Amino acid sequence: MSLIALELADTGIMAAAGNPAGLLAVDQGATSSPGFALPVKKTLSVGRAAQAQAHLYPQRVMNQFWERLDTQPLVPRSRSAGNHAEVALAHLAMVWEQIKTRGRETIITIPGFWSREQLGLLLGLARELSINVSGLIPRALAAAPRTLESGALLYLDLHLHRAEVACLLQDSQLELVDTITLDGFGLLHLHRLWAEAIAEEFVRTTRFDPLHDAASEQALYDHLPEILDRLAESPAISWEQRVGQAMHAITLTREILAVRAASFFGQLGELIGSLAGQHRTRNQAGDGGRGTILVAHGAARIPGLGACLQRAGGFAAVVLEPGAAALNALNIWDQLAPQAQGDGAYYFHRRPWAPPAPAPPSPEQESPPGPVLPTHVLYRDMAYPITRQPMFITTGAGDDARQLFFRPSPPPATEKSLCSLCREEGRIVLSTAARQRVYVDGALFTDLARLRLGQVIHLGEDGEPLRLIACVDAPREQP
């Protein structure tokens, strides 16, 4: 039976279908429909159309209906909807109309902090729209890739009105064990801080205030995603905004936006550190090992996030692709479907996962003979040991023994995780970070590589080589 996966988020509903899985157009040809609604006479404008007018009609726009999904009467009352559930129904109906022909069965990925009452309301909305829901799965659980190493595993997502941090326990099953949120510090809060910082730069440099007029304010907010994308590539950019015949130009830096969000980063770091500390033993990271944090694509563009994660515990960040929860839900559905038997929608709080790496043999145990595996990776005449603990290859500089600091030219403005190497069950395994172009012996790969002695890794088409070598007294292991 054909399957549609819905990724339900107030920052943007996304959907995936097909084999191979791909994102679907859900709103004006785009693959994401943000959780905005605007009453227009007796109807509701929803999604991108409403977001495009949010700062023209700030007293009328609604953007909390997914966050506060309930049946309490709206205050102030609206002629087009009586409560948040009715607004959410209008939004979901618009999205469903775009994709309903792509499948007959649906799995929905949801925020991990939703209550049972909100899950019930969601299923009621789906029934109203004749959506056949077979399963509900938290986005943190659905989005996790299949090839992560054992150890502390967290998930970070940013919603319109809160930040979410979840803890995942890796064993024979991957289990969502805890979710905590930073309420009031979501994407809308950050957008307001950044818009104010950009407006201050305009006033200081040109005396033009883009927040003085509703139209120019809307234009500034419309272009914030582009500003963030450009700042992700460069530490400083030139930015222009036209008003009538006049063009106003300023220079923006990552530092300007990061400083403005310092309070957010401070509280987010405490949240991450607290959750990691509570579950460190359960995640088998009590030895102080470096953990991994999965970062939802929308949160990854926040200037200053990398430094925040380092301060929170030195986490290696793996940036997920857009729609990762919906796309991966399709990929793992064959593993989940046997649990979702009978009538109604099954709620998943765990999913099948690769078994943990076996403990190393005791000294008295003899290893059977076998080919010599790589023991080190050679980079710039320095040999870095490959062990059962992942070695993260990142750009930047430092002295972490479990990191190889790759130094491209020109050097990047911020540290970025590229890939990792580890010894796993008699194999050397290379895992790549999202959207990284990695070559092994000249061949591009996008999933997982098991490496052999003498192979050469290139990070990017023109990257310096990293060669897999072995010490002469290396132990022999079965492949």
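Where is S130 found? S130 sits in the loop between α3 (116-128) and β7 (133-138), and point 4 comes back to this residue.

Some ground rules for reading these notes: this is a predicted model, in which local features need pLDDT of at least 70 and side-chain atom pairs count only at pLDDT 80 or more, while totals for chains, interfaces and linings use all residues. Residues are numbered from 1 along each chain as its sequence is written, and side-chain values use heavy atoms, with hydrogens and water left out. Helices (H or I, at least four residues) and strands (E, at least two) are DSSP runs, numbered from the N terminus.

1. Two strands pair if DSSP finds at least two bridges between them. β2 and β3 run antiparallel and are joined by 2 bridges, with A16 opposite L23 in β3.

2. Contact here means heavy atoms within 4.5 Å. Axes are lines fitted to C-alpha atoms, for helices over the stretch in contact, and angles run from 0 to 180 degrees between N-to-C directions.

3. The hairpin. Strand β4 (residues 37-40) pairs with strand β5 (residues 43-46) in the antiparallel sense over 4 bridges. L38 has S45 of β5 as its bridge partner. The two strands form a hairpin with 2 residues between them, and K41 in the turn has a positive phi of about 55 degrees.

4. Backbone spots worth a look. S130 is not a glycine, yet its phi is positive, near 60 degrees. This serine is exposed, at 62% relative accessible area (buried is under 20%, exposed over 50%, partly exposed in between, with a 1.4 Å probe and protein chains only). There are cis peptide bonds to check as well: the one from N19 to P20 has omega near 5 degrees, and the one from V75 to P76 has omega near 0 degrees. P20 is in the loop between β2 (14-17) and β3 (22-23), whereas P76 lies in the loop between α1 (48-51) and α2 (84-99).

5. Helix α5 and what follows. The 20 residues of α5 (residues 187-206) should span 28 Å at 1.5 Å a residue, and the end C-alpha atoms are 28 Å apart, which agrees; the expected span is 1.5 Å times one less than the number of residues. Its buried residues include L187, W194, E201 and F202. R207 follows the helix with a positive phi near 70 degrees, and is exposed at 76% relative accessibility.

6. α5 against α7. α5 and helix α7 (residues 224-233) pack at an angle of about 80 degrees, with axes 11 Å apart. That makes α5 roughly perpendicular to α7 (65 to 115 degrees; under 35 is roughly parallel, over 145 roughly antiparallel, and the rest oblique). H191, W194 and I198 of α5 meet L224, I227 and L228 of α7.
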